[in-house]
Amino acid sequence: MTFYRGMTCENLTIEGYNGTPITAYVAKPSGPGLFPGVVLVHHLPGWSEFYIETTRRFAHHGYLAICANLYERAGQGDPDDVAAKVRADGGIADAQVVGDTDAAVKWMRTQTNHNGKIGVFGSCSGGRHAVIYALPA
């Protein structure tokens, strides 16, 4: 296993479900090569430090990684507060999650150092959403 000590990380805007701009956190390993990609689908606690760090961790292990803020439409602020609002509103629609995840996959496919392979990763409700994304329409 190769470990990439260097990486670049940033927030960027992607066009999510229904054309809505949403923020995504991206981590890219430094160095030459074509890298596999991973799209992270965050859990109900939201676009939290855990998922930001997990995105970096995948890059550390040689993956291009992106995690979109699926709850951005619910407002800004502390991830726990935003997640509480989402939970109180009954969650987010599966179609929105699929559309936002697809936007992250499309971003991945545009990267010149991507090798063409993409995995989708999620835990908790993010695991459910990853499976929904992977199922045929």
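Predicted model: local features only at pLDDT ≥ 70, side-chain atom pairs only at ≥ 80, totals over all residues.
What does Arg73 form a salt bridge with? The partner is Asp100, and the closest N and O atoms of the two are 2.8 Å apart. Arg73 sits in the loop between strand 4 (64-68) and helix 2 (79-88), while Asp100 sits in helix 3, so this pair ties together parts that lie 27 residues apart in sequence.

Is Asp100 buried or exposed? Asp100 has a relative accessible area of 0%, and because buried means under 20%, Asp100 is buried.

Side chains of opposite charge can pair when their charged atoms come close. In this model the count comes to 5 salt bridges. I will go through two others.

The next one is Asp94 with Arg128, where the side chains meet at 2.9 Å, N to O. This pair also links distant parts of the chain, with Asp94 in helix 3 and Arg128 in helix 4, 34 residues apart. Asp94 counts as partly exposed, at 30% relative accessibility. Arg128 is partly exposed too, with a relative accessible area of 45%.

How do the axes of helix 3 and helix 4 cross? Helix 3 covers residues 94-109 and helix 4 covers residues 125-134; their axes come within 9 Å and cross at roughly 75°. Angles of 65 to 115 degrees count as roughly perpendicular, and that makes helix 3 roughly perpendicular to helix 4.

Which residues meet there? On the helix 3 side they are Asp94, Val97, Val98, Thr101, Asp102 and Val105. On the helix 4 side they are Arg128, His129, Ile132 and Tyr133. Sorted by class, this contact has 5 nonpolar, 2 polar and 3 charged residues.

The last pair is Glu53 and Arg56. Their salt bridge has its closest N and O atoms 2.6 Å apart. Where do Glu53 and Arg56 lie? Both are in helix 1 (residues 49-60), 3 residues apart, which is about one turn of the helix. Glu53 counts as partly exposed, at 37% relative accessibility. Arg56 is partly exposed as well, with a relative accessible area of 25%.

To sum up: Glu53 and Arg56 pair inside helix 1, whereas Asp94 and Arg128 link helix 3 with helix 4.

Terms used. Residues numbered from 1 in each chain as written. Heavy atoms only, no water. Axes fitted to C-alpha atoms, helices over the stretch in contact; angles between N-to-C directions. Helix = DSSP H or I, 4+ residues; strand = E, 2+ residues; numbered from the N terminus. Parallel < 35°, antiparallel > 145°, perpendicular 65-115°, else oblique. Contact = heavy atoms within 4.5 Å. Nonpolar A, V, L, I, M, F, W, Y, C, P; charged D, E, K, R; others polar. Salt bridge = Lys/Arg side-chain N within 4 Å of Asp/Glu carboxyl O. Buried < 20%, exposed > 50% of the residue type's maximum accessible area, 1.4 Å probe, protein only.
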